[in-house]
Amino acid sequence: MGRATDGDGQPVPQRLLAAATRLFAERGYDRTSVQEIVEAAGVTKGALYHYFGSKDDLLHEIYGRVLRLQQERLDAFADADAPVERRLRDAAADVVVTTIENLDDATIFFRSMHQLSPEKHKQVRAERRRYHERFRALIEEGQRTGVFSSRTPADLVVDYHFGSVHHLGTWYRPGGPLGAQEVADHLADLLLRALRP
C-alpha cells in the first residue's frame, strides 16, 4: 500500500481506513456510502479507488490488519522456547487483548463479514483458518505430550475460546469494571482449566 500523504502528513490509506471504521461502526457497512467515506476522509473517490478499489476492499482491510497483527503475534508465541502451557496461555490472552484494543474493527467485521464478495469472504476464511490451525496445534502438542487432557477434542477447545473472543464486541466496554488484560487473563485461565488432565 502506498504512503501518499495529505497536507497534514497523514497517509491517505490510513485516513480512508479511519473514516470507514468510524462510519461503519456508527451506521453499519451497508448504510455507509463510498461518498460518505471519502468526504469524511477529505479525499476524492479516485484516491479511495487507487488504494482500495472498492468499499468491499476497505472492509476486508479493516479486519485484515487486525488478523495480520494477531497472526504475527501467535507465530511468535508458538515458536517461543517455553513450555507449551505457557505458550498457549500467552497466545490465548493475547488474542483477547488485541481484539479489545481493536474492538471497533473486530465488531464491524463480524457484523458485516457476510457482505464481503464471495472471493474476499473465501480469502478471509482461509486467513482465519490458518490462525485457528496454528492455535489448535499448540493444544494438540500439549495433548500429545500429556500436558493437556485429550478428553475434549482440540477443535472444540478452539471453538470454545474463539467463541468468547468473537463475543467481546457485544459486552466489553472500555472503562468498565475489567480492563483488557484482566479479561484476557480470566479467559486464558478458563481455557487452561478446561485442558487440565
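**Overall fold**

I counted the secondary structure of the protein chain first: ten helices and zero strands. I took helices (H or I, at least four residues) and strands (E, at least two) as DSSP runs, numbered from the N terminus. The model is predicted, so I kept local features to pLDDT of at least 70 and side-chain atom pairs to pLDDT 80 or more, while totals for chains, interfaces and linings use all residues. Residues are numbered from 1 along each chain as its sequence is written, and side-chain values use heavy atoms, with hydrogens and water left out.

Along the sequence I read α-α-α-α-α-α-α-α-α-α. I boxed the C-alpha atoms along the principal axes and got roughly 60 × 35 × 30 Å. Of the 197 residues, 46% count as buried. Buried means under 20% relative accessible area, exposed over 50%, and partly exposed in between (1.4 Å probe, protein chains only).

**Helix 4**

I looked at residues 55–79 next. Helix 4 has 25 residues and reaches 36 Å from its first C-alpha to its last, close to the expected 36 Å. The expected span is 1.5 Å times one less than the number of residues. I found a bend of about 25° at glycine 64. That bend is the angle between axes fitted to the seven residues ending there and the seven starting there.

What caps the N-terminal end of helix 4? I found serine 54 there, with a side-chain oxygen 3.4 Å from the backbone nitrogen of aspartate 56. A polar contact is a pair of N or O atoms within 3.5 Å; within protein, one must be able to donate a hydrogen and the other to accept it, and residues adjacent in sequence count only if both atoms are side-chain atoms.

**Helix 5**

I checked residues 84–101. The 18 residues of helix 5 should span 26 Å, and the end C-alpha atoms are 25 Å apart, which agrees. Helix 5 is mostly covered, with 14 of its 18 residues buried. Threonine 98 lies in this helix. Threonine 98 is buried because its relative accessible area is 3%. Its side chain reaches the backbone oxygen of valine 95 at 3.4 Å.

**Cavity**

I searched on a 1 Å grid over the protein atoms alone: a cavity is a set of points where a 1.4 Å probe fits but cannot get out, a pocket is an open set with protein on both sides within 12 Å along at least five of seven lines, and lining residues have an atom within 4 Å of a point. I found one cavity of 30 Å³ or more. The largest cavity has a volume of about 100 Å³. Its lining has 14 residues, and Tyr63, Gln70, Val95, Phe110 and His166 lie nearest the centre. Helix 4 gives the most to this lining, with four residues. I sorted the cavity lining into nine nonpolar, four polar and one charged.

**Pocket**

The largest pocket holds about 220 Å³ of space. I listed its lining: Arg125, Arg128, Arg129, His132, Glu133, Arg136, Asp155, Val158 and Asp159. Helix 7 supplies the largest share, six residues. By class I noted one nonpolar, one polar and seven charged residues.

**Aspartate 185**

I ended in helix 10 (residues 180–195), where aspartate 185 lies. Aspartate 185 counts as partly exposed because its relative accessibility is 26%.

Terms used
Grid points are joined across faces, edges and corners, and a volume is the space filled by probe spheres set on the points. Ala, Val, Leu, Ile, Met, Phe, Trp, Tyr, Cys and Pro count as nonpolar, Asp, Glu, Lys and Arg as charged, and the others, Gly among them, as polar.
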